[in-house]
Amino acid sequence: MRKETENNLVLQTFDNEFNIVVAGPILNYDSAAFLQNLQKELSTNITKINFVADGIGQWDSSFLAVMYGVVGLAQSRGIECDISAMPQNVRDLVGLAYAVDRKPTHGGGKKLPFLEKLGKNTLDILQKTSDVMDFLGKIGSAVGRFFTFRSIMRRIDFCAALEDCGPKSIGIVSLISFLVGLILAFVGAIQLQTFGAQIYVASLVTIGMCRIMGAIMVGIIMAGRTGSSYAATIGTMQVNEELDALQTMGLSKIDFLVLPRLLALLIAMPILTILADFMGMIGGAFVGVFMMDLPYQEYWKYAFNAFNLENFLVGVFHGFCFGIIIAVCGCYSGLNCGRDADSVGVATTQSVVRAIVWMIVATGIITVICMELGI
Amino acid sequence: MKNEIAIEAKNLSVGYGDYVLLHDADYQVNKGDIFIIMGGSGCGKSSMLRVLTGLIEPLKGTVIINGVDMVTAKREEVQRIREKSGILYQSGALFSSMTLAENIMLPLQQYSDYSPQTIRELAELKLALVGLKGFGDFYPSEISGGMKKRAGLARALALDPDIVYFDEPSAGLDPISSHNLDDLIIEINRSLGTTIVVVTHELASIFAIGTNSIFLDANTKTIMAKGNPRELLKNPPNKEVSEFLTRGEKKK
């Protein structure tokens with residue numbers, strides 16, 4: 001009984017034995033199809049599989065895959081498998097493939113059933129919530145230590161963080177705020193022109209920038225510029241075992257890494273928000289005066305009339321809250337970073353996304369509170 | 001001093017969550033020993049070190065360091081023991097924003113009452129001890145890998161520790177630098193009487209410095225052998241230890 005298979009592998013059955021005859025070069029062979037076919041052909045009374053060489057020529061990994069599969073199939077069915085007729089190097093490689101001395105001890109990428117996955121995810125969320133609360137609590141107690149002069153925060157770290165998020169951010173914050181004021185004025189002017197009320201562009205830009213836009217733009221810039229840098233710096237420290245070193249030295253990671261960054265942002269953010277408000281108003285004035293030909297003095301008169309201390313303070317308060325959010329999200333993502341390069345990228349992205357989401361949530365909450373208070 | 005116990009692990013299980021790397025480990029490290037934790041990749045050597053240094057909690061059992069149970073003791077007591085321990089990480093783990101001297105001064109500033117001038121002098125001394133005299137104002141990015149490890153060792157020695165832990169000290173070093181670091185470890189052990197715990201799988205280092213050891217096995221998740229590495233090489237208790245200590249050369 002003889003059946004031809006593709007290329008040069010031939011299957012033969014003799015009573016209780018099964019021969020696989022290698023009758024020529026085996027290159028780019030479809031090993032999966034061969035093994036499927038073999039499983040069908042292998043009747044239950046077979047007790048031995050023999051590899052027989054009949055002019056074996058060139059071979060590649062697909063032949064090894066066939067041999068590896070056949071030896072494995074034979075082992076799983078308790079069938080003897082004789083590969084002694086194969087070239088020495090082929091036998092060595094198959095032996096090497098089966099010489100792995102360790103079995104996986106945990107699931108790897110195993111898919112969980114739906115309910116188990118749901119339960120696991122719920123527990124993960126609860127654990128993460130608890131971790132965040134723990135982190136916020138630690139920050140609270142670190143701030144307490146700072147105001148009672150018991151903190152180990154280094155002054156030089158605070159100064160470096162303040163320089164980074166203060167003076168070094170002025171350029172980008174000024175440019176973006178100027179452009180946002182300009183855009184606000186443009187969009188508003190087109191609508192207001194229809195009613196001949198273009199002079200109110202000054203009021204629109206002033207109220208818009210001071211109340212919320214200035215703070216939001218600074219928040220977004222600083223989340224991308226400073227929050228991500230916090231996450232990347234602290235994440236890299238995790239990869240380099242510097243966080244482990246701090247922990248084993250008994251030094252508080254919060255005092256040492258989080259506190260200087262948080263305090264720096266708490267100081268810088270309100271100041272940057274005021275700068276953004278001012279630059280936005282200049283941007284609006286640029287459009288009003290140079291492009292809509294509004295009288296310069298008239299423009300600023302309307303702008304100052306629209307300026308309201310409550311709006312201004314609400315904007316600054318937004319900036320203050322955003323500072324907390326950016327520092328917390330950046331440092332939390334960094335401290336919970338994994339121990340490889342990829343994790344640093346993930347932590348950096350997470351810090352920006354988390355900061356922006358929480359800034360929007362905070363804006364919503366502050367807006368509702370202000371509405372209730374009539375501010 | 002030789003027979004006093006520095007570290008004692010009792011019924012210690014190490015792992016992460018449900019995943020156990022090593023179970024029911026019992027061993028002792030005598031004061032003044034250079035104790036090697038060895039074994040193949042993935043056997044839990046570094047995790048064992050993380051348990052000893054308090055970076056992770058054991059799944060079960062306890063670690064007693066200088067008579068203090070590190071699992072149940074009060075935080076202040078654990079902190080006191082930690083202050084008397086130094087660790088050299090694989091990468092050196094120097095703080096990149098600080099100079100070498102500042103790195104070494106940090107633990108001194110936190111845990112000693114010395115004047116700033118004395119702290120600076122102590123930092124220079126520790127750097128000189130590890131062969132880095134005059135490098136105090138260099139940043140970690142300005143020195144080589146071997147020098148980073150030496151600087152990391154200087155920081156580990158800052159508070160005159162009773163025990164110094166080394167995580168793969170030879171990793172990433174050329175043979176000569178590795179040999180020099182081994183000599184330094186022996187010198188510190190001899191002259192300061194410091195107990196040394198080294199996690200490594202570098203055979204040259206194991207035989208050069210080890211006075212006592214445990215061999216961890218990833219398959220059985222147990223301690224498969226204990227004793228002086230040179231003695232274990234002469235009389236291996238089993239095939240696994242023999243193969244490990246002879247670089248897998250099976251007897252024919």
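A:Asn19 of chain A stands opposite A:Asn50, a residue of β4(A). Two strands are called paired if DSSP finds at least two bridges between them.

The model is predicted, so local features are given at pLDDT of at least 70 and side-chain atom pairs count only at pLDDT 80 or more, while totals for chains, interfaces and linings use all residues. Residues are numbered from 1 along each chain as its sequence is written, and chains are lettered from A and ligands numbered from 1 in the order in which they are written.

### Chain A: strands

Strand β3 (residues 17-22) of chain A has parallel pairing with strand β4 (residues 48-53) of chain A, over 6 bridges. Strand β2 (residues 9-14) of chain A runs antiparallel to β3(A) and is joined to it by 6 bridges. In this second pairing, A:Leu9 faces A:Val22, and A:Leu11 has A:Ile20 as its bridge partner.

### Chain A: helices

α9(A) bends by about 40° at A:Leu259, and A:Pro260, a proline, follows within four residues. The bend is the angle between axes fitted to the seven residues ending at a residue and the seven starting there. After α9(A) comes A:Asp293, with a positive phi near 55°.

Axes are lines fitted to C-alpha atoms, for helices over the stretch in contact, with angles from 0 to 180 degrees between N-to-C directions.

| Helix pair | Axes come within | Crossing angle |
|---|---|---|
| α7(A) (residues 201-239) and α11(A) (residues 309-335) | 8 Å | roughly 15° |
| α6(A) (residues 170-194) and α9(A) | 7 Å | roughly 45° |
| α6(A) and α7(A) | 9 Å | roughly 140° |

By their crossing angle, α7(A) and α11(A) are therefore roughly parallel, and α6(A) and α9(A) are therefore oblique. Angles under 35 degrees count as roughly parallel, over 145 as roughly antiparallel, 65 to 115 as roughly perpendicular and the rest as oblique.

α7(A) passes α11(A) in a right-handed crossing, and the crossing of α6(A) and α9(A) is right-handed. A crossing is right-handed if the near helix is turned clockwise from the far one by less than a right angle, and left-handed if anticlockwise. The crossing of α6(A) and α7(A) is right-handed. Residues that make this contact include A:Ile172, A:Ile176, A:Val180 and A:Leu184 of α6(A), and A:Leu204, A:Gly208, A:Met217 and A:Arg225 of α7(A). Contact means that the C-beta atoms of two residues, placed from the backbone, lie within 7 Å. An α-helix has 3.6 residues a turn, so residues three or four places apart point the same way.

### Chain B: sheets

One open sheet of chain B has 4 strands in the order β2-β1-β4-β5, with antiparallel pairing. Its edges are β2 (19-30) and β5 (68-69) of chain B; each has a single partner strand, so one side of each is left without a neighbour in the sheet. Strand β4 (residues 60-65) of chain B pairs with β5(B) in the antiparallel sense over 2 bridges, and B:Ile64 has B:Asp69 of β5(B) as its bridge partner. Helix α1 (residues 45-52) of chain B packs on this sheet, touching β1 (5-16), β2 and β4 of chain B, with its direction at about 120° to that of β1(B).

A further open sheet has 6 strands of chain B in the order β6-β7-β8-β3-β9-β10, and its pairing is mixed. β6 (85-88) and β10 (222-226) of chain B stand at the edges with a single partner strand each, so one side of each lacks a neighbour in the sheet. From one strand to the next the twist averages 20°. Strand β9 (residues 212-217) of chain B pairs with β10(B) in the antiparallel sense over 4 bridges; here the bridge partner of B:Phe215 is B:Ala225 in β10(B). α1(B) lies across β3 (34-39), β7 (163-167), β8 (195-199) and β9 of chain B, and runs at about 140° to β3(B).

### Contact between the chains

Chain B has 17 residues in contact with 14 residues of chain A. On the side of chain B that touches chain A, α2 (75-83) and α3 (100-111) of chain B are the elements that give two or more residues. α2(B) gives the most to that side, with 3 residues.
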